[in-house]
Structure formats: structure tokens, C-alpha cells
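I opened this notebook to record what I looked up in one structure. The entries follow the order in which I took up each topic.

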Amino acid sequence: MKTFRDTGLLFHRYTLQMLRNPVWLFVGFSSPILYLALFTPMLKHVAPTLGVRSGGVLEIFLPGILALLAFASGISMGFSTIFELQAGVIERFRVTPASRFAILIGPILSGLMMMAVFDAVVVAIAVGVGFQVHWLGLAALAVLLGLLAALMAAFSTATALVTREINSFAAIINGLNLPILLLAGVLLPISFGPVWMRVLAHFNPLYYAVQASRALATGTFGAPAVWQGFAVLAPLCALIIFWATRVFRKAVA
Amino acid sequence: MEAIISTTDLRKQFHSRRGAVEAVRGVSIEVGRGEIFGFLGPNGAGKTTTLRMLTTLLPIDSGSATVAGIDVARRPKQVRSRIGYVSQLGGADELATGRENLILQGRLYGGDLASVSSRAQLLMEILDINEFADRRVKTYSGGQRRRLDVALGIVHEPEVLFLDEPSTGLDPQNRAHLWDHVRALRSRGTTIFLTTHYLEEADVLCDRLMIMDHGQIVAEGTPRDLKRQVSGDSVLLSLHDEGGALARARLLISAEPYVRELTTDGDQLRLYVEDGSAALPGLLRLLDRERIALKSISLSEPTLDDVFLHQTGRSLRDAGTNTTESAA
Ligand SMILES: Nc1ncnc2c1ncn2[C@@H]1O[C@H](COP(=O)(O)OP(=O)(O)OP(=O)(O)O)[C@@H](O)[C@H]1O
Ligand SMILES: [Mg+2]
């Protein structure tokens, strides 16, 4: 009960902070739109040579963008944690009796909500340029992306609490970012790559998220990628949130 | 005196790549309910570290601490609901207004919106925040922000309030205001535990204080007792040195029972006495009787800086500037 209440309070606070940050809002809306506007036309040209019918380009590309957005919005969460650590905000919250889980999850949920808004805009634009919506698939996709973003956000927040300063935090996050993105087939399916890439990809949670997203976007619930995606992301998400809450409890912040 | 904060042999070590830093090395204190207890020490003395252990923010390495009768290490949750803490950094939300900050803080302590709002309003009046209460904190001046920080620490009416350098950044007028407010809090039964670098603040505001250096307590007591136990007062005499008057005065004065110590510096005599204002009349009478002509005489009371000097061999004014470890 108390956890719910505290979560609500911190959710509200974090949402207000984001809405009051115009630069953040601008980047949040513009980056997915830029991807769509600048990348899709190129894909349309290469699609036939890769054996994808040109109408199917968005079906492959849009889920990739959405997964990328979820991943990026989650993993960048720790930057604001670092800032708030240095400003003493987190310490102020930690001295109150507020639930530690709420201090972690309030901002994460707020981030998820903002992501849902950005995603809705992207999907709406995609529909405008010929993307066919499968409603049930889209709903399941939203859950999947929520898991992915929450998992990355909890990971990023906990990493921020452990490293406590921007340089080591940024080094870790940037170091992880590139290999994870390249081995996930975000923009093009990994099946276009050589065998070693396909093997390595199976150790990458984002890969499962992207595969499942592609299946869900077309409403193909029967595809093995769908259950595999949830089977990887759900437990991993629970595990990381558990770890992050522990870090919050103990953190030498 | 009922102890509301008590610690025994509190210790904390930090490990960094360049080795361990012993930030707090065996601190034992007792603070009575309703006291203003001060923690005076140079940069890096371990003041913040001690405070963060007492406020549940930092695990205690060894030793024990209770606040409001509750063991800090074992029952941090119960401790949290009874204390308020204003950190050295403050920690208000920059993008929120002062009022929003106060209301959220009050609600995190469990208050409902209506009562927290009226409490926030009251505090904003008392601390003179009203004028800028609905502006974003980002736009506040240093002193305005510090007042908000203090308000955030007391929005839930804690039993014990921890203030880490509350008056840093305040102008003399606002500092005096803050002192008044701290005294008012005490008169309503709140215990206040504050750290400071300001000798004057420690002297004027605190009922009792502890002087800390390199993680250890070097002296403890009321400001008055501390200053007394150092050297008593010092009296500076300037004489016309005619016909060996100086040597004669020296001999005579050192024979007086109330003189503890006597030093000569040119034509000046400096003597340390138990109680300067009581010794002065006798001293004047003696010199008069012996017809020793006086150029000037002055009495100075010891400061807390003298106490620090006496205990550590360094002056508080230059201590701490050469610490190589940077604060986190
Ligand atoms: N998280 C940390 N990691 C490593 N060392 C630390 C950490 N926090 C404090 N220290 C070290 O512990 C010592 C005591 O620091 P502390 O912040 O308690 O001093 P302080 O008395 O509050 O000083 P100031 O007056 O500058 O605020 C310093 O040498 C500091 O560098
Ligand atoms: Mg400090």
C-alpha cells in the first residue's frame, strides 16, 4: 500500500521534471521520427536485393525502431540518476521513510509512460506511410517493450548508483551500447549476417526482444520468437529490478 | 539529561584505489533531548561521514549508534521517520518549485495533501520563502535555496534534525535568521545536531559542541567550558620600560596566585589568567602600588580557534586546506 503510494508520488514528480525539460522532449519526439524519415527511404532501395518485398520494409524496420527506442530510453536513465546523486536529490529521498522499491520504480514507470507516448506517435506516422496495424500484436508488443525498457532502466540506474560519477558510468554504458545494438539486428535482421554473428546474438537479450517484436508487429503469435522473447525478458527484468532495489537499499550514495 | 543520540566508538573507513581513508575513527557522543549540538572541524574532519552514518545513509563499519532510542544499524526505517536531514548539498529538485518540493517531501513522510500543504505554507512564511515559493528552484539564489533546504528538513516535524553546514552561503542577516529559527525549533523540543566551519556559529548557537579533527574528537563541552579549559583569558600589558620596570613587573606579576603563564614580547607582557575580568582590578592595583607606568592594557577571551590550536597544534583557519583526499 505504502509502496504504491510512494511509487505514485515519485512517478508524478519524475513526469513533471521531464515535461519541464523542453530539450529532452524535443529529442524524445524527433529521434524516432528522424529514423523513420531518413532510414526507410534507403531501405526501400536495398529491400529487393535482400529479398524483402518493398511493402514489408516497415514491418521489419518499425519493430526494430521501437525496440531500439525502448532500449535507448532505458539505458540512458542512469544519466539522470548520476545528476540527481550529485545534486543530493537521491540522498534526500533515501533519508525519508519512502519505499526503496518506489524510489527506483517511480521514475522507471514514468519513463515507460513517456515512451508509450513517443511510440504511439511513431506508429501513427508509420500507419500514414502504409504500415498495417495488427492490434493484438501491437498490445503484446507494448508489454514486451515495457519489459525491455524497465530492464534496461533498472540496470542503468543501479550502475549509476554503483559508479556514482559520470565518467565511469558513461564508459560502461557506451561500452555496452555498441555491441548490444550491433548484435541485435535492430535495423536489419541478424539473419542477413554471417554465422558467428547469429551465434553471438543468442547471448544478447536485445536480440530476443527485436525478434519477438518483428513477429508481434505482424501478429504472428505462433512464431517461436514470441515466447522466447518473453521467456528471456520477463525473468531477466525481475532479476535486475530485484538487484537494483538491493543496490538502492545499500548504496553508498 | 536524556540522551537522544548516542554513539559508541563509531568508525568508518573508505576504500579507494589509493588505499583506505579512515574518515571516522572512534567517535563516542551523547546528545541530550532538546540540545543544539555542534560539530566543529576543518574540511575532511569526518563531520559529514558521521552525520551520514547517523541518518542511515551510510553503513556503520563498527561501533554502535542509537537515535531517539532506536538502533540505527538494526532499525533504519524507524529512525528515518523520526529524523530530518539537510545535507551539505541540499538536494531540492531544480525543475520543481519550492512549494512542490515541500509538498512532495511532506507526503513522502506519510502526510496527506491537505495537512502537508498547510504545513508547507506555514514554513514558507516562517523561513521567508513565500516570495519565491512558486518559482522553480533553478532560479533561486544560494541563500534562498539554503532556506528551502532547511524547510525540507523540517516539513515533517522531526524529533531530531541533522543540519550539515546549514549556514553556508547565507549572508550575515540570513544567518542570524537561521539561528533564530534553530533556537525556535529547540524551544519546541526538537534536538538539533549541526556541523559548521564557522567559529562564531559554534560559539553563539550551540549549547554544546564537539571539535573533530582527522576523524577523532579532540574536545567536547559547552563553548564556555571549552574556551576556559584551554588557557583562561589572556591579558596583554604594554609598559614604559624605564629603570627596569619591565623586569620588575614580570617578577611581581608572576608571583600573583591567579597567573597561570607569563610571556614577554618586546615591551609587552602577555599573561594567562583563569578569569580575566576578575584578575584585572587586582593587577591594576598591584602596578599602581609599585608605581609601574602602564601604556595600555587589554583583555581578550579565548576563541574556539584557540581551543583547536591547543588541541591539535594547528589553527582551524588554516587546517584542512592541505588535505589531499577530495570529498565525494
Ligand atoms: N565516499 C567516500 N569515498 C572515499 N572517501 C570518502 C568518501 N566520503 C568521504 N571520504 C573521505 O573521508 C574524509 C572525511 O570526509 P567528510 O566528508 O566526512 O568530511 P567533513 O568533515 O564533512 O568535511 P567538509 O567540512 O569539507 O564537509 C575525507 O578525507 C574524505 O575525502
Ligand atoms: Mg562535510
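The entries below concern a predicted model.

**Entry 1. Chain B as a whole.**
I began with the overall make-up of chain B. I noted 11 helices and 14 strands in chain B. Along the principal axes, the C-alpha atoms of chain B fill a box of roughly 80 × 45 × 40 Å. I then looked up burial and found that 49% of the 328 residues of chain B count as buried. For contacts in chain B with a separation of 6 or more, I noted that 68% come from residues 24 or more positions apart.

**Entry 2. The magnesium ion.**
Which residues coordinate the magnesium ion (ligand 2)? I found B:Thr48, through OG1, and B:Gln88, through OE1, at 1.8 to 2.3 Å. B:Thr48 belongs to helix α1 (residues 47–54) of chain B, while B:Gln88 sits in the loop between β6 (83–86) and α3 of chain B, so the pair ties together parts that are 40 residues apart in sequence. I also looked up the accessibility of both residues. B:Thr48 has a relative accessibility of 24% and counts as partly exposed. B:Gln88, at 39% relative accessibility, counts as partly exposed.

**Entry 3. B:Asp93.**
I next turned to B:Asp93, which lies in the loop between β6 and α3 of chain B. Is B:Asp93 buried or exposed? Its relative accessibility is 4%, and because the cut-off for buried is under 20%, B:Asp93 counts as buried. Residues up to four places away in sequence were not counted when I listed what B:Asp93 touches. The list holds A:Arg13, A:Gln17, A:Val89 and A:Arg92 of chain A, together with B:Asn101 and B:Val137 of chain B.

**Entry 4. Helix α1 of chain A against helix α3 of chain B.**
I then examined a helix pair between the chains. The axes of helix α1 (residues 2–19) of chain A and helix α3 (residues 98–108) of chain B come within 10 Å and cross at roughly 165°. This angle makes α1(A) roughly antiparallel to α3(B), because angles over 145 degrees are classed that way. I recorded the crossing of α1(A) and α3(B) as left-handed. On the side of α1(A), the contact is made by A:Lys2, A:Arg5, A:Asp6, A:Leu9, A:Leu10, A:Arg13 and A:Leu16. On the side of α3(B), B:Glu100, B:Leu104, B:Arg107 and B:Leu108 take part. By class, I noted 5 nonpolar, no polar and 6 charged residues in this contact.

**Entry 5. Helix α1 of chain A against helix α6 of chain A.**
How do the axes of α1(A) and helix α6 (residues 100–128) of chain A cross? I found that they come within 7 Å and cross at roughly 50°. That angle makes α1(A) oblique to α6(A). The crossing of α1(A) and α6(A) is right-handed. Among the contact residues of α1(A) are A:Thr3, A:Leu10, A:Phe11 and A:Tyr14, and those of α6(A) include A:Phe101, A:Ile105, A:Pro107 and A:Met113. The contact of α1(A) with α6(A) holds 13 nonpolar, 6 polar and 1 charged residues.

**Entry 6. A:Ile108.**
Lastly, I looked up A:Ile108, a residue of helix α6 of chain A. A:Ile108 is buried, its relative accessible area being 2%. Neighbours within four places in sequence aside, A:Ile108 is in contact with A:Met77, A:Ala150, A:Ala153 and A:Ala154. I also noted a separation of 9.8 Å between the C-alpha atoms of A:Ile108 and A:Ser73, which are 35 residues apart along the chain.

Definitions and conventions. Residues numbered from 1 in each chain as written. Chains lettered and ligands numbered in written order. Predicted model: local features only at pLDDT ≥ 70, side-chain atom pairs only at ≥ 80, totals over all residues. Heavy atoms only, no water. Axes fitted to C-alpha atoms, helices over the stretch in contact; angles between N-to-C directions. Helix = DSSP H or I, 4+ residues; strand = E, 2+ residues; numbered from the N terminus. Parallel < 35°, antiparallel > 145°, perpendicular 65-115°, else oblique. Left-handed = near helix turned anticlockwise from the far one by under 90°. Contact = heavy atoms within 4.5 Å. Nonpolar A, V, L, I, M, F, W, Y, C, P; charged D, E, K, R; others polar. Donors = N, O, S within 2.8 Å, 3.2 Å for Na, K, Ca; no water. Buried < 20%, exposed > 50% of the residue type's maximum accessible area, 1.4 Å probe, protein only.
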